[in-house]
Structure formats: C-alpha cells, structure tokens
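Let's walk through this model together, one feature at a time. Keep the sequence and the 3D view open as we go.

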Amino acid sequence: GMIKSIVPNRGAVAVVYEGPNSMAEWTTRRQRQAGQAWRYKNGVLHAAQQYPIGRIIDEKIPDMARIEFDAAWVGYPSFYFTFYTDNLQNYSGNCYMLQVGGASIYLQRYSKNSGSRNLGNVNYQTFNEGTIGKARFSMLVDKEKKSFTLLIDGNVIKQWTDMGDFAGGGNGILFQPQSRGDLRISAIQIAEWDGRIPTVGEASE
C-alpha cells in the first residue's frame, strides 16, 4: 500500500494503517442468531456484544511504533486491546494486551509457551468518575528495548518494560469489550515512532 507522510515538522513518519475504513477489513466471530457482534458506520466500529474484532496490519507493525485509537463508552471503560498478536480469534496468542477496567489499567504479556504475565498496572482515577465517556489511547512501543509507554489524551500515564523476550508474535490488533458498556472504536492510526516521549505538559500532537 501507499505510505503516507505526516507531521512534516517532526520528520517523515510512515503511517502503516489508518482506519477503520469498512467492516470488510476486520475479522469478527459472529454469534448465531444474534446478528453481527460489531457494526461499522462513518469511521466507527461499534460493539453490539462482547466479541472480539481484529485485523492484521498488512505492512506490519513497526519495531518502533505509535499505536493510537479513540475509544468511547457509556459509564466506565471496560475492554481489552491486544497488539502485535498472531491470533484474531480471542485475546490469547503471542501478544501484548492492554486491559482497561474502570480506573485500573494493566499491561499483560501472552505467550503460548510461557502463559500470561501481568507487567504491572496503573490507577487512572479520571475513568472512575464515569463522566468522560471517551479518550485517545496511544501506545509507544520500542520492540528492541521491550518498552511500552501509554499516553491517554496526550499525557504519559505509565511505562512498562518486559524483562522477557518480546512476546508479540504477529502484526494483528484486536479489541474486545468486557462489558455491555457500548464500546466504540475510531481514529485508529499505526505509524513509525521517532522514539521521542512527550514530557509532562507537552502536547503530543
């Protein structure tokens, strides 16, 4: 596919995926009789049920990656976001998984050989207030250093380092709602990352 160049003031950044663009580019498990577990409309993926939806990033997720998406919900956020995965059927496989449940945010590593391990969590009290209803999540990944930096709405929230081997076994991303909280996913962008982590108070845009 075409590689687009964005943010000229920061040097050319290769964008490998922007979407969602249609339902056809996503894989989802359908529940019998209940119709579609996810729907697509006007650039938004809308979860109707607690089923996963995912896709392979054709140009592959870069080894230095900025993985971003907008999530919207009713009440409290409750979902899994899996990345560098080799399994689109569910959230296990060889991958990393960001688990958001109210104010608790965890990063898990999954490996078919060594099972799952929690790399640590952070308490993000803003989500406990139940009033926001939406946020932009950005995960900055350095595959070689096995470091992961989570930004929410442009602010650095938590950094993790995996002491084991890099667990990601593929180029898939996957979303899975964990409640009936009306999860909507939009403005997904996966791009090369220049290695800069915004300092506190600095806008990431």
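## Reading the fold, strand by strand

Strand β9 (residues 95-101) and strand β10 (residues 104-111) run antiparallel to each other, paired over seven bridges. Keep in mind that this is a predicted model.

Q: How do I read that pairing, and which residue stands opposite Val100?
A: The general idea is that strands of a sheet pair through backbone hydrogen bonds, in either a parallel or an antiparallel way. In this case, Val100 faces Ile105 in β10.

Q: What is the strand order in the open sheet of seven strands?
A: Reading across, the order is β3-β6-β15-β8-β9-β10-β11, and the pairing is antiparallel. The edges are β3 and β11 (115-123), each of which pairs on one side only.

Q: Now the backbone. Which residues does the cis peptide bond join?
A: Start from the general rule: most peptide bonds are trans, and most residues other than glycine have a negative phi. Here, a cis bond links Gly19 and Pro20, with omega at about 5°. Look for Pro20 in the loop between β2 (13-19) and β3 (27-28).

Q: And phi: what is the value for Tyr84, and where does Tyr84 lie?
A: Tyr84 has a positive phi, near 55°, though it isn't a glycine. You'll find Tyr84 in strand β8 (residues 78-85). Tyr84 is buried, too, with a relative accessible area of 1%.

Q: What about Asp153: buried, exposed or partly exposed?
A: Asp153 counts as partly exposed, at 44% relative accessibility. Asp153 also has a positive phi, about 50°, without being a glycine. Its place is the loop between β13 (147-152) and β14 (155-161).

Q: Let's go inside. Which residues touch the most other members of the largest nonpolar core?
A: That core has 45 residues, and the ones touching the most other members are Ile67, Phe83, Leu98, Phe137, Met139, Ile173 and Phe175.

Q: On to charges. How many salt bridges does the structure hold?
A: There are 11. To read one, look for a side-chain nitrogen of Lys or Arg within 4 Å of a carboxyl oxygen of Asp or Glu. Take Asp63 and Lys143, whose closest N and O atoms are 3.6 Å apart. This pair links distant parts of the chain, 80 residues apart: Asp63 is in the loop between β6 (53-56) and β7 (64-72), and Lys143 is in the loop between β12 (134-142) and β13. Asp63 is partly exposed at 40%, and Lys143 is partly exposed at 27% relative accessibility.

Q: Are Arg136 and Glu68 buried or exposed?
A: Both are buried. Their closest N and O atoms are 3.8 Å apart, and they form a salt bridge. Arg136 sits in strand β12 and Glu68 in strand β7, so the pair ties together parts that are 68 residues apart in sequence.

Q: Which residues are linked with Arg136 in a network of salt bridges?
A: Arg66, Glu68 and Asp70 are linked with Arg136 in that network.

Conventions: Residues numbered from 1 in each chain as written. Predicted model: local features only at pLDDT ≥ 70, side-chain atom pairs only at ≥ 80, totals over all residues. Heavy atoms only, no water. Helix = DSSP H or I, 4+ residues; strand = E, 2+ residues; numbered from the N terminus. Buried < 20%, exposed > 50% of the residue type's maximum accessible area, 1.4 Å probe, protein only. Pairing = 2+ DSSP bridges. Core = buried A, V, L, I, M, F, W, Y, C linked by side-chain atoms within 4.5 Å.
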